[in-house]
Amino acid sequence: MSDYTLNPHYASDDVSREPTRAGFGRGLKTAGEADERVVALCADLTESTQMHHFRDVFPSRFVEIGVAEQNLVTVASGMARVGKIPFTSSYAAFSPGRNWEQIRTTICLNEQPVKVVGSHAGVSVGPDGATHQMLEDIALMRVLPHMVVVNPGDAIEAEKATRAMARDDKNPGYLRLAREKTPIFSTEQSPFEIGPAYVLHAGDDVTIASTGPMTAQALIAAKQLREQYNINAEVVHVPTIKPLDVDTIVASVGKTGRIVTVEEAQAAAGFGGLIAETLADHLPAPQLRIGMDDRFGESGSPDELLTHFGFDAEAIAGRVRTFIDKRPQYKKGF
Amino acid sequence: MSGKQTQTQLEQTANTVRTDIISMLEAAGSGHSAGPLGLADIFTALYFRIMKLRPEEPEWDGRDLFFLSNGHCVPVQYAVMANRGYFDKKELMTLRQLGSRLQGHPERTKLPGLENTSGPLGSGLSQAAGVAYTLQYIDNNPQRWVYAVTGDGELDEGNIWEAAMFAGKYKLSQLTVFIDRNNIQIDGTTEDVMPLEDLAGKWRSFGWHVQEIDGHNMASIIDAADMAKAITTRPSVIIAHTVPGKGVDFMEYDYHWHGAPPNHEQAKKALTELRTLRGKITHEGEGV
């Protein structure tokens, strides 16, 4: 069993929904109240990325950069040099999409505690289309030394994650956010720290490890598998992609013998790639990576796109069933 | 050596710095010659006259901050810092070696006294601007000043002009930038590779106070920095016309020396030139 406190309505059609970026907006304002070193910089997307909550309370600690993402993160690097904890925000397609080298050199190699906040990640951005649907950010950020990568599962967790990242005055960080409202599966009482993965539902037949708002879909998929097919999936929520909670992942796979990873990003080199690398080192096991399969998104409504690309609970449940039919559990002899 | 030197002393120090650069690059066997030699006078003026700093306390919170944007010119910064007392001059000979604090391109976390990590071009000015913004608008501290050096080939980078626009908008008056206008970059002359002129006009149109000086005239460098501090309404850029490879006859004006070090024979010839002021004096100073 898991001792994680889930929102009891997580599987209900009328579960409360809010975008993770809204939680970030609240969390940044709270972080600003707690620590005057926290400053915020935005590249002409202040309301979109919800930084206006901070700006309205701390106008002198907010910097409008304009549409200049390379300058966004390098100005922040300079501010960190004189003791600030800067949060920079834009759409993930632009930051870290456009300014990766500046993040690498002036933030990671330079070891400055700048937080890169990439909003509107994933295909659920919707009608804006493939140019704005960032799918490669997890891969780009997790490969950088010193970078902490956090992909919160819902708005409540995003608020906690923002405050936690603001308390870290040593490490650079990447916070991945979504545009669309997604189900709230956690509660104010649910645990969150940077680092741990959380077992949301215990099971023996297969591990479903998911990151970001996809966890809400993974939970519903697990419920369907349990109730309709007598498949008992263990759901592990992984909000911190780096540093990865290797022990929790390996312990779960040690029990279930196989794993399905779920992310709204490129499955190659992203979260699924990370788990494959990790298990190759520690506990090689059959794995199914659910994510974008080496292609770009397209325009459509968010719900249509999640269904089209196989990210909704029904699609996840179907693929898990096919996977466990074909791939036996490897419980011994690793 | 003490902080405040006379003009003649500064010129002598710059010459010593040039001999150190040649010796370091010869020992390293790789690295950039032309830019560091051309910047020796400006760096000497900055570290021995212009900037407030404490070599024995590199993180002193009253110091002025210096950002090298074109990181490949760092041999001149290392040489000046060693002459100023940040570390022992013997360490200069470890440049680019495994385990050295003197990385081929500067890394802040390796060597106390460096404010940034640079190499990929175009980002140092933004970092300097971030500090200048913080001092002016958040910390409200008019006592500290921010300096940056950029190359001229580096001005091809879009990031530079993002920073120029930013500093212009916010009238970052505690920011002074030296542009090393030596007219060369790796593939040739700047005006052949990607023309920069009208360079002064470009910066003026971005809202900057612009001066043009001879980057080897110590008095001009110091005067321009003083003038920049007197301008309280705008950021300042000093376009410093320099000779790439300055002080070594066979390196001057030749863009092939941008990214190459001297071999032993070339270094010997260069050091003789520098120590005898091209044959004008016969005294041979001691090497590093």
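Which residues does A:Ile249 touch, not counting residues up to four places away in sequence? In this predicted model, the contacts of A:Ile249 are A:Ala209, A:Val236, A:Val238, A:Leu244, A:Ile259, A:Ile275 and A:Leu279. A:Ile249 is also among the residues with the most contacts inside the largest nonpolar core, together with B:Leu175 and B:Trp203. That core comprises 77 residues. The element that gives the most to this core is helix H5 of chain B, spanning residues 124-138, with 8 residues. From chain A, the core draws at least three residues from each of domain 1 (17-183) and domain 2 (198-326). In soluble globular proteins, nonpolar side chains tend to be buried together.

The domain assignment of chain A places residues 17-183 in domain 1 and residues 198-326 in domain 2. Taken over C-alpha atoms, the centres of these two domains of chain A are separated by 25 Å. Contact between them involves 32 residues of domain 1 of chain A and 33 residues of domain 2 of chain A.

A:Phe24 lies in helix H1 of chain A, which covers residues 20-34. The relative accessible area of A:Phe24 is 0%, and this residue is therefore classed as buried, the limit being under 20%. When neighbours within four places in sequence are left aside, A:Phe24 is in contact with A:Thr49, A:Met51, A:Phe87, A:Val117, A:Ala158, A:Glu159, A:Thr162, A:Leu175 and A:Leu177.

Helix packing was examined within chain B. Two packed helices are described by the angle between their axes and the distance between the axes. For helix H1 (residues 7-28) and helix H10 (residues 264-275) of chain B, the angle is about 175° and the axes are 10 Å apart. Because angles over 145 degrees count as roughly antiparallel, H1(B) and H10(B) are assigned to that class. On the H1(B) side, the contact is formed by B:Asn15, B:Arg18, B:Thr19, B:Ile22, B:Ser23 and B:Glu26. These residues meet B:His264, B:Ala267, B:Ala270, B:Leu271, B:Leu274 and B:Arg275 in H10(B). By class, the contact of H1(B) with H10(B) contains 5 nonpolar, 4 polar and 3 charged residues.

Terms used. Residues are numbered from 1 along each chain as its sequence is written. Chains are lettered from A and ligands numbered from 1 in the order in which they are written. This is a predicted model: local features need pLDDT of at least 70, side-chain atom pairs count only at pLDDT 80 or more; totals for chains, interfaces and linings use all residues. Side-chain values use heavy atoms; hydrogens and water are left out. A nonpolar core is a set of buried Ala, Val, Leu, Ile, Met, Phe, Trp, Tyr and Cys residues joined through side-chain atoms within 4.5 Å. Buried means under 20% relative accessible area, exposed over 50%, partly exposed in between (1.4 Å probe, protein chains only). Helices (H or I, at least four residues) and strands (E, at least two) are DSSP runs, numbered from the N terminus. Domain bounds come from an automatic or database domain assignment. Contact means heavy atoms within 4.5 Å. Axes are lines fitted to C-alpha atoms, for helices over the stretch in contact, and angles run from 0 to 180 degrees between N-to-C directions. Angles under 35 degrees count as roughly parallel, over 145 as roughly antiparallel, 65 to 115 as roughly perpendicular and the rest as oblique. Ala, Val, Leu, Ile, Met, Phe, Trp, Tyr, Cys and Pro count as nonpolar, Asp, Glu, Lys and Arg as charged, and the others, Gly among them, as polar.
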